[in-house]
Amino acid sequence: MSFDHPYGKPVSVFRTTDNKEVIVEEEELETLFGHPEIQDRKIVIFSTIGAFRGGKSFFLDYCLRFLYAHFPSINNPNKKSQFIFKKNENWMGNKDDPLNGFSWVSGTKRDTTGIIIWSDIFLHTIDTTGEKIAIFVIDTQGLFDTESTPTDNSRIFALGTLISSIQVLNLKNRIQEDQLQYLQFATNYAKFNVEQAGETNENPFQNLTFLIRDWENDEDFAFGIDGGKQYFEEEVLKIKPSQKGELISVRESIRSSFETIECCLLPHPGKHVSRIKEYDGRWSSMDEEFKEELEKIIELLLLPKNMVLKKVNGQELTGMELKDYIMQFFKIFQSDDIPETLTIYELTVESNMNSLIKKCIDDYKKTMYRNRELISNEESIQIMHKNCKDRALELFNKERKMGSIDHEEKFKAKLNSEIDSIFNFFASQNFLSQAVEEEVARQQALLDRET
Ligand code: GDP
Ligand code: MG
């Protein structure tokens with residue numbers, strides 16, 4: 001659903017095409033960041049990122065209501081900036097007005113993967129310094145979508161991370177281990193690009209806020225930013241003694257990528273919001289508890305004193321500089337360096353797949369070995385081989401994997417042919433030769449070590 005907004009509209013600036021290219025709308029970027037009123041201001045980029053149908057646009061549209069209630073903008077210049085907070089102030093406007101702004105969907109139609117900027121830009125003057133800043137609002141579509149490959153995702157995520165100064169990562173129910181791994185992966189990808197551009201910052205990115213929707217465990221961790229902080233520190237980031245090196249490195253790498261990380265737990269908004277097809281986003285139809293928490297987190301994120309200016313290499317950039325930075329960065333994305341960047345990704349996927357293949361082949365060999373007594377003639381050899389191979393392939397299918405469907409197909413074919421050549425070797429040795437005996441002894445030693 002989308003309703004016309006009097007002051008702005010969503011403008012697509014990056015999008016992925018069907019053949020996996022990322023397209024930039026340079027003219028749109030020029031118009032937005034090069035606007036005479038914006039080009040010399042320091043910039044705040046407030047963005048959300050997360051899977052399709054996670055309630056991101058809905059959240060952003062309420063953020064827009066908050067911003068329009070407090071700041072002048074390019075298209076609403078006469079609004080007076082007002083930041084003395086009154087209790088129960090009514091920034092969300094008329095409670096029965098349909099929600100407008102970024103389009104949001106109550107069906108299951110998927111928007112394209114990409115980055116969308118709100119065309120109107122908010123203006124603010126910092127009281128203490130008199131410094132003029134500009135606030136951009138960005139919606140990023142596609143992270144953790146099942147239909148996008150991790151490569152598409154990490155490019156868009158990397159771009160989103162590079163551009164934003166406050167990044168809201170919108171997730172349903174909880175933070176999952178694979179989402180953390182994914183986040184690490186995408187921030188490393190963004191970091192790699194930053195390094196290519198000559199930066200050497202310790203925490204290259206500014207704020208990351210996990211926004212967990214439909215939180216159900218409020219008895220363990222209360223709604224809001226304090227419960228979120230506790231959940232994040234105690235359940236998500238904490239490295240337990242039993243955890244493997246890989247899990248530790250994921251956590252350390254995320255911590256070291258951002259200057260600050262927050263987490264906020266939101267209650268379920270109520271059936272009306274999540275189920276009614278014709279729901280138009282109005283404030284009055286949401287559960288009270290949700291409204292309270294939504295109000296708090298928006299006020300917290302968008303209060304001028306909490307706003308984080310976009311920094312690159314420790315320097316705060318102006319609109320024009322930021323636009324140049326984005327383009328420079330985008331060129332690295334498109335240039336010959338990109339295969340190198342992808343190599344990092346490919347190598348990670350490859351090493352993950354190869355260890356899985358090794359595990360499956362070991363399983364094949366062990367089951368063949370364990371059942372060797374049952375092999376008596378050519379037919380039983382074939383049956384045994386088929387059963388053990390099916391078991392190994394099932395193991396491959398079952399385990400969690402990195403990479404896309406294409407990777408999965410490629411490595412499954414590799415597993416298939418490796419098992420066949422092991423079998424051919426055994427078969428050619430007639431299962432009785434010296435070579436087979438040696439292999440059997442080796443397998444036995446491995447088994448002994450395991451048990
Ligand atoms: P986006 O694709 O992430 O931008 O998601 P939308 O903002 O378009 O919202 C998708 C659907 O989720 C809409 O039907 C909203 O009414 C609904 N929705 C919004 N916020 C929430 C929430 O916090 N929880 C649930 N369960 N649904 C929500
Ligand atoms: Mg959306």
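Axes here are lines fitted to C-alpha atoms, for helices over the stretch in contact, and the angles between them run from 0 to 180 degrees between N-to-C directions. I am working from a predicted model.

**Entry 1: α2 against α8**

I looked up the pair formed by α2 and helix α8, the latter covering residues 288-302. Their axes come within 10 Å and cross at roughly 60°. I therefore put α2 and α8 down as oblique to each other. The crossing in which α2 passes α8 is right-handed.

Next I listed who makes the contact. From α2 I have Y62, C63, F66 and L67, and from α8 I have L294, I298 and L302. Sorting the residues of this contact gave me seven nonpolar, no polar and no charged.

**Entry 2: nonpolar cores**

I then looked for the largest nonpolar core and found 67 residues in it. C63, I135, F136, I138 and I212 are the members with the most contacts inside this core. Helix α2, residues 56-70, supplies the largest share of the core, with eight residues. As background, nonpolar side chains in soluble globular proteins tend to be buried together.

I took I138 as one member to follow up. Leaving out residues up to four places away in sequence, I138 touches I45, F46, S47, I115, I116, I117, I163 and S164.

**Entry 3: L180**

Is L180 buried, exposed or partly exposed? I counted 17 C-beta neighbours inside 10 Å for L180. Being buried takes 20 or more and being exposed takes 12 or fewer, so L180 is partly exposed.

L180 sits in helix α4, which spans residues 177-196. With residues up to four places away in sequence left out, L180 touches I175, V250 and I254. I also checked L180 against E394, which is 214 residues apart from L180 along the chain. The C-alpha atoms of L180 and E394 are separated by 26 Å.

**Entry 4: the chain as a whole**

Last, I took the totals. I find 13 helices and 11 strands in the chain. The chain has 451 residues, and 34% of them count as buried. Among contacts with a separation of 6 or more, 80% join residues 24 or more positions apart.

Key. Residues are numbered from 1 along each chain as its sequence is written. Chains are lettered from A and ligands numbered from 1 in the order in which they are written. This is a predicted model: local features need pLDDT of at least 70, side-chain atom pairs count only at pLDDT 80 or more; totals for chains, interfaces and linings use all residues. A nonpolar core is a set of buried Ala, Val, Leu, Ile, Met, Phe, Trp, Tyr and Cys residues joined through C-beta atoms within 7 Å. Helices (H or I, at least four residues) and strands (E, at least two) are DSSP runs, numbered from the N terminus. Two residues are in contact if their C-beta atoms, placed from the backbone, lie within 7 Å. Angles under 35 degrees count as roughly parallel, over 145 as roughly antiparallel, 65 to 115 as roughly perpendicular and the rest as oblique. A crossing is left-handed if the near helix is turned anticlockwise from the far one by less than a right angle, and right-handed if clockwise. Ala, Val, Leu, Ile, Met, Phe, Trp, Tyr, Cys and Pro count as nonpolar, Asp, Glu, Lys and Arg as charged, and the others, Gly among them, as polar.
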